[in-house]
Amino acid sequence: MMNFPLTLRSFLERAEKVFPKKEIVSRTSAGIFRYNYAEYGNRTRRLASVLESLGVERGERVGTFAWNHHRHLEVYFAVPCMGAVLHTINIRLSGEHIAYIVNHAEDKVLFVDEDLLPAIEKVKDQLKTVKAFVVMTDKPELPPTTLSPVYSYEQLLAQGNPNFQFPQDLDENAPAGMCYTSATTGNPKGVVYTHRSTYLHTMCLGLADTLGLSEADCLMPVVPMFHVNAWGMPFAAVCFGSKQVLPGPMPTPNVLLELIQQERVTLTAGVPTVWLGVMKAIEEGNYDLSSIRAIVCGGSAAPRSLIHTYEKKYGIPFLHAYGMTEASPVVTVSRLKSYQKGLSDDEMLDIRSKQGLLVPGLEMRVVGQTGEDVNWNGQEMGELLLRGPWIADEYYRDERSRDTFVDGWYHSGDVAVVDEEGTIKLVDRTKDLVKSGGEWISSVDLENALMAHPAVFEASVVGVPHPKWDERPIAFVVLKEGFKGKVAKEEFFTYLQERFAKWWVPDDVIFLDEIPKTSVGKFLKRALRSQFQDHFAS
């Protein structure tokens with residue numbers, strides 16, 4: 001067989017040649033921008049030629065600090081196809097972490113959205129390697145900024161070469177992109193993706209039993225393009241010729257629903273907190289969502305009640321997926337096997353609310369405290385270990401690699417059980433399990449139960465120090481609008497006692513207006529633990 005390199009150049013060229021009329025719809029601060037893959041290819045080649053003129057060489061990093069829009073998508077392919085490395089930066093990180101990862105990655109050029117300029121201006125004097133800033137704006141002139149040297153994206157593109165030819169000799173194992181984890185302790189950790197790993201991950205997203213992304217789809221990634229490359233979906237959409245709808249800056253639930261209705265979106269993806277907000281907007285509005293064939297939910301465990309509401313109340317299939325930055329990110333997708341579709345609604349929902357089956361191409365182990373593989377009986381817990389062609393084998397220039405990548409396996413830090421069907425259910429993160437009186441309590445199971453209560457909008461459970469039991473769980477609850485001030489904590493104690501052993505039931509329920517969240521929308525349990533660490537001190 002031919003030793004043919006698997007590079008992203010082939011994705012772009014395929015879109016240009018085979019799907020030139022397919023549309024990309026981009027919401028910007030100026031309104032809706034539309035163009036097709038032929039025009040997209042023209043602009044992407046212009047951009048690559050501009051980057052070359054700015055002195056960007058193979059292997060050098062180019063950073064983006066941007067929302068989901070067409071210019072960001074152009075950078076997605078211009079950078080890796082010319083041989084450089086795309087580095088998408090989380091716009092919600094602290095200034096300290098932004099400066100750290102730009103310097104650690106040694107970004108040479110930084111693309112910045114106009115409305116995000118203040119965040120970069122605050123740290124500009126700390127950035128040691130950036131030689132040029134490019135502002136992405138809808139305005140014909142550059143906005144006022146203290147960044148220097150600074151260029152207008154559109155003015156640069158006007159000078160670019162639409163016939164720029166990408167190099168044919170790129171190594172498939174060369175780096176194509178990189179992302180940094182959203183750190184909970186210490187500095188973020190960098191993960192580098194190669195052309196080959198991204199290519200194979202893309203093929204996985206097109207499989208019928210994963211996401212089944214195809215030319216017929218209209219894809220709207222709500223998950224940010226800085227969050228593990230929007231879960232790899234922009235690469236896959238270009239490869240398969242899918243119509244793309246990019247929701248732009250600060251999309252609200254109503255904006256998302258309007259785009260779904262207007263553009264006839266078939267597949268969309270985001271974290272549970274996004275779909276909780278959208279669910280509330282659906283209840284308050286009147287939207288035509290009949291085009292959607294599936295919502296993809298990942299980033300953290302989706303509450304069973306959320307899946308049930310979308311599927312039974314709104315008739316929208318809900319795909320529960322699981323992954324992480326180190327895995328490009330897709331690891332599992334929860335789909336029913338053919339012979340499981342005759343089960344009762346409750347039995348099917350039990351399966352759908354788990355993380356699902358390992359996708360083809362990856363291998364896993366679930367290892368107990370003794371280092372032995374646990375039995376696949378749905379009961380024995382262990383840490384999930386992974387390996388495969390789109391799983392990282394180290395962190396970028398980071399000594400913490402040796403604790404995470406051991407003997408050819410990535411140690412995820414996620415605690416799971418596996419049933420006889422091979423279906424994975426995450427029990428918790430190793431750091432989030434509550435150890436009370438020598439026994440483990442799953443905060444995820446408690447959260448899912450609380451989220452099913454009709455009065456609850458959001459819920460999080462954490463373990464805090466206890467003088468007698470080592471740790472005890474506390475539940476934090478955000479009530480829906482109509483229930484605030486009308487539901488007492490005792491109701492939740494009774495509710496949970498009907499579903500769990502007594503020692504699992506949280507010792508307290510604390511009502512909050514909002515649960516703190518990470519930069520990618522996950523519940524920030526570290527903040528809750530820190531704030532309430534002395535709760536049982538008396």
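Trainee: Which residues of α4 are buried?

Mentor: His 97, Ile 98, Ala 99, Ile 101, Val 102, Asn 103, His 104 and Ala 105. Keep in mind that this is a predicted model.

Trainee: What makes α4 mostly covered?

Mentor: Buried means under 20% relative accessible area. In α4, 8 of the 11 residues are buried. The cover includes β3, β4, β5, α5 (117-121) and β8.

Trainee: How does α4 run against β8?

Mentor: Helix α4 (residues 95-105) lies across β3 (61-65), β4 (85-88), β5 (107-113) and β8. The angle to β8 is about 155 degrees. Angles run from 0 to 180 degrees between N-to-C directions, so direction counts here.

Trainee: What comes just after α4?

Mentor: Glu 106, with a positive phi of about 60 degrees.

Trainee: How do you know that β8 and β9 pair?

Mentor: Pairing needs at least two bridges. Strand β8 (residues 175-180) and β9 share 5, in the antiparallel sense. Therefore they count as paired. Cys 179 stands opposite Val 191 in β9. Helix α7 (residues 195-205) packs on the sheet and touches β8 and β9, with its direction at about 75 degrees to that of β9.

Trainee: What is the strand order in the open sheet of 7 strands?

Mentor: The order is β7-β6-β5-β3-β4-β8-β9, and the pairing is mixed. Why are β7 (150-152) and β9 (190-194) called edge strands? Each pairs on one side only. Neighbouring strands of this sheet are turned by 25 degrees against each other on average, direction ignored.

Trainee: And the open sheet of 9 strands, what is its order?

Mentor: β2-β1-β11-β10-β12-β13-β14-β15-β16, again with mixed pairing. Its edge strands are β2 (31-36) and β16 (357-358), each pairing on one side only.

Trainee: How do you know that β13 and β14 pair?

Mentor: The threshold is at least two bridges. Strand β13 (residues 294-297) and strand β14 (residues 318-323) are joined by 3, and they run parallel. So they pass. Helix α12 (residues 304-313) lies across β13 and β14, at about 145 degrees to β14.

Trainee: Why is β25 called largely enclosed?

Mentor: Because 8 of the 10 residues of strand β25 (residues 470-479) are buried. It has strand partners too. β24 (residues 456-466) pairs with β25 in the antiparallel sense over 10 bridges. Val 462 stands opposite Ile 474 there. β24 and β25 form a hairpin with 3 residues between them. Strand β26 (residues 508-511) runs parallel to β25 and is joined to it by 4 bridges. In β26, Val 509 is the bridge partner of Ala 475.

Trainee: What makes the pair of Phe 405 and Tyr 410 tilted?

Mentor: First, the rule for a pair: centres within 6.5 Å. The count by this rule is 16 aromatic pairs. Phe 405 and Tyr 410 sit at 5.5 Å centre to centre, with 35 degrees between the planes. Stacked needs under 30 degrees and edge-to-face needs over 60. Phe 405 and Tyr 410 are both buried.

Trainee: Which residues form a ring cluster?

Mentor: Phe 33, Tyr 35, Tyr 37 and Tyr 40, linked by ring pairs.

Trainee: How do you know that Lys 280 lies over the face of Phe 457?

Mentor: The distance limit is 6 Å from the ring centre, and the charge must be within 35 degrees of the ring normal. Lys 280 is at 5.7 Å and lies over the face of Phe 457. Arg 499 does likewise over Tyr 495, at 3.7 Å from the ring centre.

Trainee: Where is Leu 336, and what does it touch?

Mentor: Leu 336 is in the loop between β15 (330-334) and α13 (345-352). Beyond its neighbours within four places in sequence, Leu 336 is in contact with Lys 341, Met 348, Ile 351 and Arg 352.

Trainee: How far apart are domain 1 and domain 2?

Mentor: Their C-alpha centres lie 41 Å apart. Domain 1 covers 7-21 + 37-200 and domain 2 covers 434-532.

Key. Residues numbered from 1 in each chain as written. Predicted model: local features only at pLDDT ≥ 70, side-chain atom pairs only at ≥ 80, totals over all residues. Heavy atoms only, no water. Phe/Tyr/Trp six-rings, centres within 6.5 Å; stacked < 30°, edge-to-face > 60°. Buried < 20%, exposed > 50% of the residue type's maximum accessible area, 1.4 Å probe, protein only. Helix = DSSP H or I, 4+ residues; strand = E, 2+ residues; numbered from the N terminus. Contact = heavy atoms within 4.5 Å. Domains from an automatic or database assignment.
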